[in-house]
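Please read these comments on charged side chains alongside the model shown below.

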Amino acid sequence: MDNQNNLPSSPSFHIRKAALEDIPIVQALINLSVRTLHPPFYNPTVIKLALEQVTAIDSNHVNDGNYFIVEIEPPHASSASSISSLIVGCGGWSHRTTLYGSDIHTSSDPALLDPSTDAAKVRAMFVHPNWARKGIATMLLKACEDAAREAGFKKVELRASLQAVVFYENQGYEKVEKIDRELGGGEILELVIMKKRLVL
């Protein structure tokens with residue numbers, strides 16, 4: 001993803017559902033985002049363990065059609081162009097009970113949530129550090145909320161990492177409580193449960 005620094009300054013963003021073949025690129029983006037944006041809030045050991053246990057993509061999320069990616073396509077790019085679209089953001093929502101984790105840490109068929117009583121889960125939201133604060137996370141979050149609303153959910157919930165709390169507050173989410181996710185070896189990942197009621 002090094003060539004992202006060489007792109008024109010006015011690319012167009014577009015969002016689509018992720019496919020299984022996108023997972024390796026998306027995981028590389030997540031790793032870069034966490035390693036770049038999280039150090040002011042978490043120590044290196046916590047970041048390493050979180051990447052192994054918490055931030056990996058699981059295939060159920062992608063197969064359900066609830067995980068989105070944002071791509072940039074340079075202006076005037078054509079099918080014959082040597083400059084291809086690049087993934088600069090990812091995020092999704094879920095109608096399952098799983099909150100985070102890869103295929104290694106989740107069951108093959110996690111239980112479904114009840115839209116009439118449960119909150120849909122916003123999960124695995126990340127932006128490439130070079131493209132932060134350009135509206136990508138807002139675009140992803142809106143797509144997630146719109147899809148959850150269409151599925152009948154009246155509220156959404158997420159576990160925010162510390163550096164993302166202010167962003168979610170600006171999007172109408174309210175802090176519920178701070179929780180500690182045990183990572184082993186005495187290391188703790190601090191997260192904040194946040195919720196939002198969807199306007200129908």
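Which side chain does Arg 181 join in a polar contact? The points below begin with that residue.

1. The side chain of Arg 181 is joined to that of Gln 53 by a polar contact of 3.4 Å, a term for a pair of N or O atoms within 3.5 Å, where within protein one must be able to donate a hydrogen and the other to accept it, and residues adjacent in sequence count only if both atoms are side-chain atoms. This is a predicted model, in which local features need pLDDT of at least 70 and side-chain atom pairs count only at pLDDT 80 or more, while totals for chains, interfaces and linings use all residues. Residues are numbered from 1 along each chain as its sequence is written, and side-chain values use heavy atoms, with hydrogens and water left out.

2. Arg 181 lies in strand E6, residues 174-184 (strands are DSSP runs of at least two residues, helices of at least four, numbered from the N terminus). Arg 181 is buried yet has no salt bridge, and the nearest side chain of opposite charge, Glu 182, is 8.0 Å away. Buried means under 20% relative accessible area, exposed over 50%, and partly exposed in between, with a 1.4 Å probe and protein chains only; a salt bridge is a side-chain nitrogen of Lys or Arg within 4 Å of a carboxyl oxygen of Asp or Glu. Lys and Arg count as positive, Asp and Glu as negative, and His and the chain ends are not counted.

3. The structure holds 13 salt bridges, one of which pairs Arg 16 with Asp 22 at 2.9 Å between the closest N and O atoms. Asp 22 is buried at 9%, whereas Arg 16 is partly exposed at 28%.

4. Within helix H2 (residues 44-53), Glu 52 and Lys 48 lie four residues apart, about one turn, and their side chains meet in a salt bridge of 2.7 Å.
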